[in-house]
Amino acid sequence: MRRPVRDDRATWIGPAALGLAVILLGGQVRQTVVDVLSVTRGTGASGPGAANAGAPAWKSVTARDGLVERSHMGPRDPFRLPPARSMTRERGPAAPEPAPAPRLSSLLFDNVAPSVQLTVGEIRSGWLKAGEVFQGWTVVEIGRASVKVTDGSRTLVLAAS
């Protein structure tokens with residue numbers, strides 16, 4: 001019986017690629033160190049990384065940083081929402097709308113304790129006596145065929161139908 005032959009190509013391709021990447025990155029780091037040290041000493045950068053042979057490396061770096069800075073939208077805190085913009089103009093407090101006029105729903109008149117039911121909008125009151133308030137309207141007087149109500153600024157006489 002024959003043993004299968006093992007292919008060893010897979011075992012050396014990975015480490016070879018890793019070694020090549022380390023060599024390339026090491027070369028770039030070396031060039032960066034040379035450029036930084038040449039700027040510190042006051043000489044121009046040389047080699048394939050320099051844009052102009054006569055210009056110092058810090059000028060090209062400054063030019064690139066300037067482009068990045070101009071493309072930036074400005075200082076903004078990424079953890080805060082921007083202020084909401086209002087689509088309407090700011091106005092002072094709105095004038096209160098006058099209370100809608102009440103309607104007389106029911107009138108129960110007797111000489112002892114007359115009562116009345118009012119409807120304001122879609123809301124109906126319970127039985128009210130003179131002096132009680134419903135939806136901003138005060139019952140002033142209850143007569144045999146009418147009720148006098150006021151909201152402070154206007155007075156209405158509601159007749160029974």
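**Close-up views of a predicted model**

**View 1. Confidence along the chain.** Over residues 43-51 the pLDDT is below 50. Beyond near neighbours in sequence, this stretch has 16 contacts in the model; a contact means heavy atoms within 4.5 Å. The mean pLDDT of the protein is 77. A value of 70 or more is reached by 65% of its residues. This is a predicted model: local features need pLDDT of at least 70, side-chain atom pairs count only at pLDDT 80 or more, and totals for chains, interfaces and linings use all residues. Residues are numbered from 1 along each chain as its sequence is written, and side-chain values use heavy atoms, with hydrogens and water left out.

**View 2. The elements in order.** The protein has 2 helices and 7 strands. From the N terminus on, they run α-α-β-β-β-β-β-β-β. Helices (H or I, at least four residues) and strands (E, at least two) are DSSP runs, numbered from the N terminus.

View 3. Thr119 sits in strand E2 (residues 115-120). Its relative accessible area is 8%, so Thr119 is buried (under 20%; exposed is over 50%, partly exposed in between; 1.4 Å probe, protein chains only). Leaving aside neighbours within four places in sequence, Thr119 is in contact with Ala101, Pro102, Arg103, Ser105 and Arg124. The side chains of Thr119 and Ser105 make a polar contact at 2.3 Å. A polar contact is a pair of N or O atoms within 3.5 Å; within protein, one must be able to donate a hydrogen and the other to accept it, and residues adjacent in sequence count only if both atoms are side-chain atoms.

Note on methods:
pLDDT is the predictor's confidence in each residue, from 0 to 100.
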